[in-house]
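Hello,

Here is the structure you asked for. My notes on its aromatic rings follow below.

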Amino acid sequence: MKIAFRPKLLDCLPGYSRAQLGKDVAAGITVGVLALPLAMAFAIASGCSPTAGIWTAIVAGFLTAALGGSRVQIGGPTGAFIPIIYGIVAMHGFANLLGATMLAGVFLLAMGLARMGQLIRFIPVTVVIGFTNGIAVVIFLAQIKDFFGLQIDNLPAEFFHRVKTLAAYAHTVDLPTLGLASACFVFLLSYNQLAQKIAILRRAPGPLAVLIVGTLVAWLFELPVETIGSRFNGIPQELPAFGLPDLSIHDLGKLISPAITIALLGAIESLLSARVADSQIDDRHDPNQELIAQGLSNIAAPFFGGFAATGAIARTTTNVKTGGRTPVAGMIHALVLLGIVLVAAPLASYVPLATLSAIVMVVAINMGEWHEFVELKRYSYNYRIILLATFFVTVLFDLTIAVELGMVLASLFFIYRMSELTRIERVPMEEEAHDPRFLYPDGTMRVATWQLFGSLFFGAVNKLEDLLDPREGHPEVVILDMARLIQLDTTGLEGLESLRDNLHKRGCTLIVCGLNSQPGSLLYRSGFIDHLGDDNVCPDMTHALQRAYLLLPNIMGGFEEEY
């Protein structure tokens with residue numbers, strides 16, 4: 001298999017103009033400034049330090065742009081990863097999170113090299129909506145602690161324990177924290193409306209404006225609220241130590257399952273983000289190259305203390321809206337973040353955690369497709385069951401289990417639906433019903449004709465049993481018209497072989513006609529036709545009936561001279 005490695009950057013460099021450079025620089029600066037509060041907020045919500053979130057955005061953001069399969073994709077930490085990363089940190093520790101991230105990067109890289117990018121599209125939209133809305137709820141619940149200022153040392157990752165802990169510490173609400181968080185929350189929710197009335201707000205992304213305003217309010221009024229400085233001792237104004245995570249060989253086994261979860265969600269979200277961007281810039285991304293870039297990003301980020309990253313839909317959309325059209329914008333966004341760390345890192349110590357929790361809560365609200373719940377009544381019971389099952393299992397238990405359950409339910413319902421569409425119907429023989437050569441002395445037919453519709457596969461093969469039902473008579477020739485059979489699998493083949501053998505035991509001959517390419521290819525390759533006989537394979541029903549004319553005298557032994 002040929003391995004293709006061609007980043008979109010290589011396609012964009014020929015003919016790259018100074019005018020486009022100016023647009024990419026402007027977009028990169030805007031997205032870089034927007035990414036700063038989100039990277040810190042997502043990291044803290046995930047149980048990590050804000051420094052880890054920033055370096056994830058820098059390293060993964062640069063590599064995603066430079067090596068990716070999309071012109072405008074922006075990579076970094078995202079809200080969808082929060083419940084997964086929080087659970088890994090709570091159960092295995094931060095060092096093992098870095099190990100799981102690198103292992104997930106290897107999986108993503110392998111998926112890209114194996115050209116599996118298109119397979120992600122096979123995940124039904126019901127499953128995607130279900131786990132996306134479920135993740136949004138989990139993220140929202142996880143922010144209640146910092147939003148209300150609850151005095152909880154360690155918030156459990158498991159849903160029921162988390163709710164129980166939040167309820168037990170509800171009396172520890174800190175009013176200054178709640179007041180600041182509520183004000184930031186309302187301000188951010190109404191930011192777009194305010195920006196239409198206040199010109200200066202149009203120049204800054206909402207999360208950044210809330211971050212600045214919330215920090216200034218807390219500093220000017222000396223609010224007794226927890227900040228990045230009080231909890232994390234600020235952000236180091238220097239490059240992180242470069243090196244491998246501190247892991248042992250015994251840790252790798254328990255990290256496989258978390259790594260698969262990270263890789264699966266990373267692949268889905270990055271390719272979904274790239275598809276959204278395609279529609280905005282009238283381009284087409286390379287899904288396999290995108291997976292390769294995400295794999296390399298997740299392998300590299302832990303060397304700098306970063307964790308899981310993927311394509312970020314909100315930042316990618318911002319990049320497009322501000323004029324970014326090449327990977328240069330994404331690379332500049334990462335360099336802008338690097339410059340902020342090296343120049344203005346001490347200022348981050350004053351950022352209140354309440355403000356960051358409000359930002360994450362709004363992100364959770366915006367990422368959910370809540371209108372889908374309202375419109376459920378328009379869809380089938382199968383659609384509702386898959387979406388709601390995936391949603392509730394994501395919230396109550398685990399994303400991996402939810403996706404697995406959603407895929408299993410979707411597959412089962414698809415199999416059931418396809419089996420319902422598969423039909424085997426008796427074809428009436430009006431003209432032949434008056435021909436004595438086709439009749440037994442009692443007037444019953446010596447030839448039975450059936451037509452197959454749809455797909456004869458493992459979920460529908462039992463329908464062949466109707467042909468052996470004694471109530472259908474005891475014909476001496478059975479004709480199967482397969483002109484409308486579009487697909488046949490090996491279980492369906494086995495069913496046809498069993499039908500042929502059972503009919504033979506009854507002294508009955510099977511004739512097939514109207515074979516399409518796929519069913520016909522399988523019947524020939526398997527040797528089914530060899531056992532059936534080439535003479536008993538006809539192009540259509542007319543020729544099949546002519547073949548039956550020839551067989552009936554031989555069977556009865558009395559009409560041969562008439563032919």
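Buried means under 20% relative accessible area, exposed means over 50%, and partly exposed is in between (1.4 Å probe, protein chains only). By that scale F373 is partly exposed, because its relative accessibility is 25%. W370, at 31%, is also partly exposed.

This is a predicted model, in which local features need pLDDT of at least 70, side-chain atom pairs count only at pLDDT 80 or more, and totals for chains, interfaces and linings use all residues. Residues are numbered from 1 along each chain as its sequence is written, and side-chain values use heavy atoms, with hydrogens and water left out.

Rings of Phe, Tyr and Trp (its six-membered ring) count as a pair if their centres lie within 6.5 Å; planes under 30 degrees apart are stacked, over 60 edge-to-face, and the rest tilted. The whole structure holds 12 aromatic pairs. One of them is F147 with F185, which is edge-to-face because the planes stand at 90°, with the centres 6.0 Å apart. This pair joins distant parts of the chain, 38 residues apart: F147 is in helix α7 (residues 144-148) and F185 in helix α9 (residues 175-189). Helices here are DSSP runs (H or I, at least four residues), numbered from the N terminus. F147 is buried at 7% relative accessible area, and F185 is buried at 17%.

W370 and F373 make a tilted pair, with 6.3 Å between centres and 40° between planes. Ring pairs also connect W370 and F373 with F391 and F392 in a cluster.

Lastly, charges over rings (NZ of Lys or CZ of Arg within 6 Å of the ring centre and within 35 degrees of the ring normal). R384 lies over the face of Y381, 4.7 Å from the ring centre. The charged end of R423 sits over the ring of F453, at 4.3 Å from its centre.

Regards

Key:
Helix = DSSP H or I, 4+ residues; strand = E, 2+ residues; numbered from the N terminus.
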